[in-house]
Amino acid sequence: MKRVLSILSATAIATAAFAHPEAGKIIRISTDNTDLILKVGDNGRLYQTYLGPKLLNADDAAGLGWAQYAASDGSVSKRGWEAYSTSGNEDFFEPALGVTHADGNPTTYLYYVDSSETPAEGGVQTNIRLRDDKYPFDVTLHYVAYPKENVIKTWSEIKHQEKKPVTLSSFASAMLYFNEMSYYLTEFSSDWAKEAQMSSQQLQFGKKVIDTKLGSRAAMHTHPFFEIGLNGPVKENSGEVLMGTLGWTGNFRFTFEVDNVGNLRVIPGINPYASNYELKADEVFTTPEFIFTLSYDGSGQGSRNLHDWARKYSLKDGDGSRLTLLNNWENTAFDFDQDILAELMKEAKHLGVDMFLLDDGWFGNKYPRKDDHAGLGDWEVTHDKLPGGIAALVKSANDADVKFGIWIEPEMVNPKSELYEKHPDWVIEQPNRDTYYYRNQLVLDMSNPKVQDYVFDVVDNILTENPEVAYFKWDCNSPITNIYSPYNKDKQGQLYIDHVRGIYNVLKRIKAKYPDVPMMLCSGGGARCDYEALKYFTEFWCSDNTDPVERVYIQWGFSQFFPAKAMAAHVTSWNKNTSVKFRTDVASMCKLGFDIGLKELNADELAYCQQAIANWKHLEPAIMDGEQYRLVSPYESNHAAVEYVDKSKNMGVLFAYNLSPRYKEKLQRVKLQGLDPSKKYRVTEINLMPGTKSKFAQNNKIFSGDYLMKVGLDVFSFAHNTSMVVEISAQ
Ligand code: DGJ
């Protein structure tokens with residue numbers, strides 16, 4: 001990359017007539033492998049001096065200068081990397097925080113006040129207080145470092161005691177800087193049935209922004225995570241990569257800016273789009289958490305860092321087991337009744353899953369939910385369809401010896417509903433413009449506490465009346481359209497933010513009252529997939545696209561940031577040109593479920609599925625709780641291979657896929673990872689269709705872990721859209 005020399009002078013240095021009493025103070029935020037080092041400059045402001053592999057010597061960490069020199073001859077800018085850069089300062093590039101003070105002044109300068117360290121679950125929390133020298137305006141930066149997982153979580157708190165409200169025009173969670181020769185961004189674009197599509201580009205001078213303005217179905221067009229390859233494109237097993245994700249279930253924005261001297265700043269946060277925030281005195285504006293890891297061995301290690309961190313410290317019931325299930329959406333859609341459901345529950349049992357999950361279409365009486373035009377908001381069982389109510393369904397599930405779960409979409413309303421008739425003022429809708437509907441529905445105004453109570457009651461009523469309901473699938477199919485809050489008329493600029501906070505209020509209450517009820521987060525597929533929501537949900541639905549070929553890519557994308565345990569995958573009849581085996585093997589790489597009528601399966605296919613479920617349960621310690629290794633990328637070959645190894649390195653499983661091999665192409669031998677080189681492992685093909693013989697050349701043989709990792713296995717073939725699953729068991 002061409003470096004642009006700058007003749008900007010270091011005004012910050014020039015104006016610091018007297019050194020600040022805390023000048024030179026070092027704040028070191030460390031994991032086992034990474035150091036983020038901040039330093040108080042001579043001028044009293046806080047600068048990032050380092051972010052990278054952990055420094056061995058404390059002296060070296062202390063010796064880092066706060067002013068960044070862009071060239072060794074000192075001829076260029078000595079501007080510092082302000083830890084939380086503010087609007088109107090001498091930096092001239094994108095700030096983290098934009099403030100207009102009560103008197104109209106658009107500038108803010110933050111000075112170091114003090115810092116503290118407090119223990120946090122799994123790590124250490126550092127809190128750094130900053131204050132403007134001319135205004136009673138405060139920012140506290142928080143960082144939690146998780147040493148073993150090499151993850152850092154950071155967020156900020158903004159408050160003031162000015163006489164009138166101040167206006168926040170941007171409010172990033174954090175800011176990070178890099179000084180490398182090149183930066184390559186991998187982003188994850190999305191749409192309905194096309195989630196987590198990975199693409200990469202080199203970042204050049206200027207800004208690249210990834211953001212969404214969707215409000216509620218917030219990650220429909222892109223997901224709240226990214227990777228940055230330093231000095232080269234992101235690679236799976238080598239190279240330095242930053243992997244970051246924002247815990248926010250609303251509009252988000254990542255800004256990546258390469259400045260005049262070739263340094264990169266990364267600014268993650270809530271998208272300030274249409275959200276000028278009026279902050280009152282003493283009100284605390286808490287930004288979402290930005291979670292990141294730096295891996296020095298490619299994105300594979302970065303993913304494993306995040307998977308471990310999530311299961312231990314973030315994901316709801318991260319260390320618990322998961323329920324396999326049979327869902328009815330793809331099978332019946334809205335077309336079911338009590339008897340049909342009772343039959344499906346028996347099918348669930350016959351299949352061998354733990355639970356039956358009833359999807360959309362069970363509610364509404366004045367406006368029954370017989371399609372997606374009516375009924376949303378009226379969470380009362382449709383009496384004609386289900387005369388015995390939820391109680392009868394729970395009883396049928398008990399009779400069939402499976403658990404019972406139920407679908408809801410409580411933040412939404414169809415205009416054709418009793419709820420809308422009773423409470424039109426509970427809905428986000430323009431008072432003076434035509435209404436724009438997405439999937440024939442509107443979004444409830446979650447900034448309104450009465451609406452929050454109502455949404456809480458949807459879950460609370462179901463569970464109070466039917467304590468045996470074992471699971472919820474919580475859907476969200478519409479973005480916010482017609483943005484306008486009838487509740488908070490004077491604060492329209494806060495609606496996008498207050499709406500999300502309202503959702504969290506409800507989810508917190510649900511988790512407090514029903515801590516053990518698992519829930520799936522769904523948003524017309526995978527349009528909600530962030531770590532704040534996942535504090536309340538045990539898993540998320542990756543995509544309505546269950547074509548196994550597409551799913552290989554979608555799951556590959558999401559697995560960069562989420563453990564398999566958080567990712568729900570179902571076997572359906574999407575792409576019937578592929579075998580039931582192929583579909584099941586792909587779904588088995590995540591939290592396994594089914595959404596298919598058993599009548600669609602012949603006897604062998606049914607027997608196959610039953611066996612595959614039993615195998616999945618047996619392999620749970622590897623797939624759900626182990627280490628994941630993405631061995632062969634579908635983006636880089638005509639195949640894919642993913643391996644899971646349990647923490648004790650005694651049990652593993654290799655999923656290998658032949659997607660679209662070319663005629664006589666060279667077949668790659670797949671080298672395993674993460675095994676104990678000194679242990680011996682038997683490799684056995686499992687998930688075989690009844691009556692078929694394994695064609696796996698090394699089937700049932702025993703090899704050392706060393707051999708398997710250095711020589712590998714011949715698991716690929718030329719047959720399009722086929723799969724092989726190999727169990728690896730220590731002897
Ligand atoms: C969208 C979800 O992604 C589907 O799985 C299904 O639940 C439908 N909504 C129901 O309307």
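**Close-up views of a predicted model**

View 1. The 12 residues of helix α6 (residues 389-400) should span 16 Å at 1.5 Å a residue, and the end C-alpha atoms are 17 Å apart, which agrees. The expected span is 1.5 Å times one less than the number of residues of the helix. Helices (H or I, at least four residues) and strands (E, at least two) are DSSP runs, numbered from the N terminus. The structure is a predicted model, in which local features need pLDDT of at least 70 and side-chain atom pairs count only at pLDDT 80 or more, while totals for chains, interfaces and linings use all residues. Residues are numbered from 1 along each chain as its sequence is written, and side-chain values use heavy atoms, with hydrogens and water left out. In α6, the buried residues are G389, I390, A392, L393, V394, S396, A397 and A400; buried means under 20% relative accessible area, exposed over 50%, and partly exposed in between (1.4 Å probe, protein chains only). These buried residues pack against α5 (338-351), β22 (355-358), β23 (403-408), α8 and β26 (469-474), where contact means heavy atoms within 4.5 Å. D401 follows α6 and has a positive phi, near 65 degrees.

**View 2. Helix α3.** Helix α3 (residues 298-313) comprises 16 residues and reaches 23 Å from its first C-alpha to its last, close to the 22 Å expected at 1.5 Å a residue. Of the 16 residues of α3, 13 are buried, so the helix is largely enclosed by the rest of the structure.

**View 3. The pair α8 and α9.** The axes of helix α8 (residues 449-465) and helix α9 (residues 495-513) come within 9 Å and cross at roughly 35 degrees. Axes are lines fitted to C-alpha atoms, for helices over the stretch in contact, and angles run from 0 to 180 degrees between N-to-C directions. The crossing of α8 and α9 is right-handed; a crossing is right-handed if the near helix is turned clockwise from the far one by less than a right angle, and left-handed if anticlockwise. On α8 the contact is made by Q452, D453, V455, F456, V459 and D460, and on α9 by G502, N505, V506, R509, I510 and K513. By class, this contact has five nonpolar, three polar and four charged residues. Ala, Val, Leu, Ile, Met, Phe, Trp, Tyr, Cys and Pro count as nonpolar, Asp, Glu, Lys and Arg as charged, and the others, Gly among them, as polar.

**View 4. The pair α11 and α12.** Helix α11 (residues 580-587) and helix α12 (residues 603-618) have axes that come within 10 Å and cross at roughly 15 degrees. The two helices α11 and α12 are therefore roughly parallel to each other, a term for angles under 35 degrees. Their crossing is right-handed. V580, K581, T584 and D585 of α11 meet E605, Y608, C609 and A612 of α12. The residues of this contact divide into four nonpolar, one polar and three charged.

**View 5. A640 in strand β32.** A640 lies in strand β32 (residues 639-645) and is buried, with a relative accessible area of 0%. Its C-alpha atom is separated by 5.9 Å from that of A656, 16 residues apart along the chain. Not counting residues up to four places away in sequence, A640 touches V552, V632, P634, F655, A656, Y657, L659 and F716.

**View 6. Two loop residues with positive phi.** N231, in the loop between β14 (225-230) and β15 (240-247), has a positive phi near 65 degrees in a residue other than glycine. N231 is partly exposed, with a relative accessible area of 43%. A274, in the loop between β17 (264-270) and β18 (277-279), has a positive phi of about 50 degrees although it is not a glycine. A274 is partly exposed, with a relative accessible area of 47%.

Key:
Angles under 35 degrees count as roughly parallel, over 145 as roughly antiparallel, 65 to 115 as roughly perpendicular and the rest as oblique.
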